[in-house]
Amino acid sequence: MKKRDETMVRRLTRAASVALTLSGFAASAPAATASDAAPFSNATWQGEGLALITPFQQALVTTVTEAMQRGGPAEAVTTCQLVAPSIAAAHSTAGWRVGRTALRWRNAANAPDAWERQTLEAFAQRVTAGEPMETLVASAVVDGEFRLMKAIGTAPLCLNCHGEALSPGVARIIDEHYPDDQARGFQTGDLRGAFTLRRALPQE
Ligand code: HEC
């Protein structure tokens, strides 16, 4: 590993816990278990969805941090690309599908649909108005599905791959894997994107 990378890894490891706090990790609701047979309740489903976000986010941050320690930022970008979808799949349980989206995305597969775009724009306005990132949650029933989103802030850890001044090695590997990348140029505290969850409503 190059010296610059080693410094970055040390910084990242320190930053990981800050990242969790900043991006709302500590603020998630306690687990609630809605039985499949129970009638739909917005509050119950919202609680259940929010409880899925915590371990999903933790798995992502742990995976990226470990890959950084193992092989530096280039390794972490490759790992992130390879495992982010399977981490999302692993946390999609009991009828839920979990993922991430953003107005400025890195992977086109994460591009927002109409409801997500509208919600991200509303989150951005609320951030501008001074609302704390961890309070930004929205839910709705759209086309027979319960939809839930929770804002993701930008922490110092994230700047290594989403900031303004990427190291040349990181920039090169991101360009290689994501030629249409729009997810750089962020600063600490910016709205980076959102967790997005969906689940089919019970049949009438
Ligand atoms: C090691 C580099 C790296 C770090 C550090 C990193 N990311 Fe990413 N991020 C990526 C890559 C690569 C993707 C695309 C993953 C994929 O292909 O699904 C991504 C995707 C995302 C997405 C999904 C939307 C999109 O743009 O495709 C969000 C949201 C996101 N990152 C937020 C964050 C936040 C918040 C942090 C800090 C806590 C962070 N990232 C740290 C590399 C990184």
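Leaving aside neighbours within four places in sequence, Phe123 is in contact with Leu136, Ala151, Leu191 and Ala194, where contact requires C-beta atoms, placed from the backbone, to lie within 7 Å. The model is a predicted one, in which local features need pLDDT of at least 70 and side-chain atom pairs count only at pLDDT 80 or more, while totals for chains, interfaces and linings use all residues. Residues are numbered from 1 along each chain as its sequence is written.

Phe123 also belongs to the largest nonpolar core, a set of 20 residues in which Phe123, Leu136, Met149, Ala151, Ala194, Phe195 and Leu197 touch the most other members. A nonpolar core here joins buried Ala, Val, Leu, Ile, Met, Phe, Trp, Tyr and Cys residues through C-beta atoms within 7 Å; buried residues have 20 or more other C-beta atoms within 10 Å of their own. At least two residues of this core come from each of α2, α3 (114–128), β2 (137–142), β3 (145–153) and β4. These elements are DSSP runs numbered from the N terminus, helices (H or I) having at least four residues and strands (E) at least two. β3 provides the largest share, five residues. A second, separate core has 18 residues, among them Val61, Ala76, Val170 and Phe186.

The strands form an open sheet of four in the order β1-β4-β3-β2, with antiparallel pairing; two strands pair if DSSP finds at least two bridges between them. Because β1 and β2 stand at the edges with a single partner strand each, one side of each is left without a neighbour in the sheet. On average, neighbouring strands are turned by 20° against each other, direction ignored. Within the sheet, nine bridges join the antiparallel β3 and β4, and Phe146 stands opposite Arg199 in β4.

Two helices lie across β1, β2, β3 and β4: α2 runs at about 50° to β1, and α3 at about 140° to β4. Such angles run from 0 to 180 degrees between N-to-C directions, with axes fitted to C-alpha atoms, for helices over the stretch in contact.

The ligand is surrounded by 29 residues, of which Ala76, Asn107, Cys158, Cys161 and Gly193 are the closest; a residue counts if its C-beta atom, placed from the backbone, lies within 6 Å of the molecule. Two or more shell residues come from each of α2 (42–90), β1 (96–101), α4 (159–162) and β4 (191–200). The most, nine residues, come from α2. Ala76, one of the closest residues to the ligand, is also a member of the second core.

Note on methods: Buried ≥ 20, exposed ≤ 12 C-beta atoms within 10 Å, placed from the backbone.
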